[in-house]
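These notebook entries record what I looked up in one structure.

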Amino acid sequence: MTVHKQTASFHWDDLRIFLELARTGSLSAAARALRISHATVGRRVAALEEGLGRRLVDRRADGYGLTADGETVFALADGMDERALAILRQVSSQGGREAGLTGTVRLTTTQALADRFLMPRLGPLRARHPGIDLEVTVDNRSLSLARREADIAIRLARPQRGDLIARRLATMGYGLFAAVGAADAVIGYDEALAELPEAVWLARHMAGRRVAFRSNSQQTQLAAAKAGFGVALLPFWLAAGEPDLTPVPCEAPPLEREAWLVLHPDLRDVPRVRAVIEHLVALFAAEFATLTDTAPVPEG
């Protein structure tokens, strides 16, 4: 009688999901990054543990941590997903050149830029390239281009990774705005965003002023300013055309932030990606005055 010894086995997707959970430390964060449900993350990691016959993660008060076996598996597998996705990007690049201007392009940026600046100006892109399907993900965190969470990103800081292609789109000016008679208090950011350049500027130049409203959303801050909660530091393009708001004089140095278009080098020659990039570059160039100029500030 022959005895077959059972060997460990696993599916690649389960390992990929485990790597994301190990990096993020939470089911919800891993689920957002992978665009699946948190229940699926838990189920697939459990399947990986069963296949390997080892417990890889421990549930802790602050999220998930790796066991000793989990640390070993992570050390061996870290980077495998990057290399596998590089293959997919290369295949996508070759296939994209053959397919032409069809297929999906994934773009990520902030909520305010997507809703208030980009969407009203993307109609011509659709009219010119009807075969391109656009997928926009709004997220303040930096989605990974290397892991194909997005094809193109518009970020408000130059990326630190040197292997990404980055092109400066614009320098955006900021100003203080409030409803008439409502400039006695400040509208600020919650503590989780204390390191954000806007929050740092407010802490430095509006110190000592009462903070009557806090939000992590620029659009919510805009609404709060219109409702009379106080002075909000807003991009000129976001405050432009708001009849309920007036510029508030300030002697402090103005805040400026750069908008950068970022993509992975493997995708720069894909026709559908290139078409979206060209439209975005032209769009930001055409809106130069809107992005950089301020409305007249009243004297006194």
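I looked up Arg106 and found a salt bridge to Asp151, with the closest N and O atoms 3.2 Å apart; a salt bridge here is a side-chain nitrogen of Lys or Arg within 4 Å of a carboxyl oxygen of Asp or Glu. The pair links distant parts of the chain: Arg106 is in strand S3 (residues 103-109), and Asp151 is in the loop between strand S4 (132-138) and strand S5 (152-155), 45 residues away. Helices (H or I, at least four residues) and strands (E, at least two) are DSSP runs, numbered from the N terminus. Arg106 is buried at 15% relative accessible area, and Asp151 is buried at 5%. I take buried as under 20% relative accessible area, exposed as over 50% and partly exposed as in between (1.4 Å probe, protein chains only).

I note the basis of these entries: the model is predicted, local features need pLDDT of at least 70, side-chain atom pairs count only at pLDDT 80 or more, and totals for chains, interfaces and linings use all residues. Residues are numbered from 1 along each chain as its sequence is written, and side-chain values use heavy atoms, with hydrogens and water left out.

I then searched the whole structure for salt bridges and found 11. One of them joins the side chains of Glu198 and Arg257 at 3.0 Å, N to O. Glu198 lies in helix H8 (residues 197-205) and Arg257 in strand S11 (residues 256-263), so this pair ties together parts 59 residues apart in sequence. Both Glu198 and Arg257 are buried.

I next looked up Glu242, which forms a salt bridge with Lys226, the closest N and O atoms being 3.0 Å apart. Glu242 is in the loop between helix H10 (236-239) and strand S10 (246-247), and Lys226 is in helix H9 (residues 218-226), so the pair ties together parts 16 residues apart in sequence. Glu242 is buried at 12% relative accessible area, whereas Lys226 is partly exposed at 34%. I also recorded one network, in which salt bridges with shared partners join Asp13, Asp14, Arg16 and Arg44.

Which residues have the most contacts inside the largest nonpolar core? I found Leu118, Ile152, Leu280 and Phe284, in a core of 55 residues. Such a core is a set of buried Ala, Val, Leu, Ile, Met, Phe, Trp, Tyr and Cys residues joined through side-chain atoms within 4.5 Å. Helix H11 (residues 271-286) supplies the largest share of this core, eight residues. A second, separate core has 18 residues, including Phe18, Leu27, Val41 and Val45.

I looked up Val136, in strand S4, and found this residue partly exposed at 31% relative accessibility. Val136 makes a nonpolar surface patch of about 270 Å² with Met119, Leu134 and Val138. Patch residues have over 30% relative accessible area and no salt bridge; like charges are joined within 9 Å, nonpolar side chains (Val, Leu, Ile, Met, Phe, Trp, Tyr) within 5 Å. Accessible areas come from the Shrake-Rupley method with a 1.4 Å probe; for residues, only the protein chains shown count as cover.

Finally, I looked up Arg23, which lies in helix H1 (residues 12-24) and is partly exposed at 28% relative accessible area.
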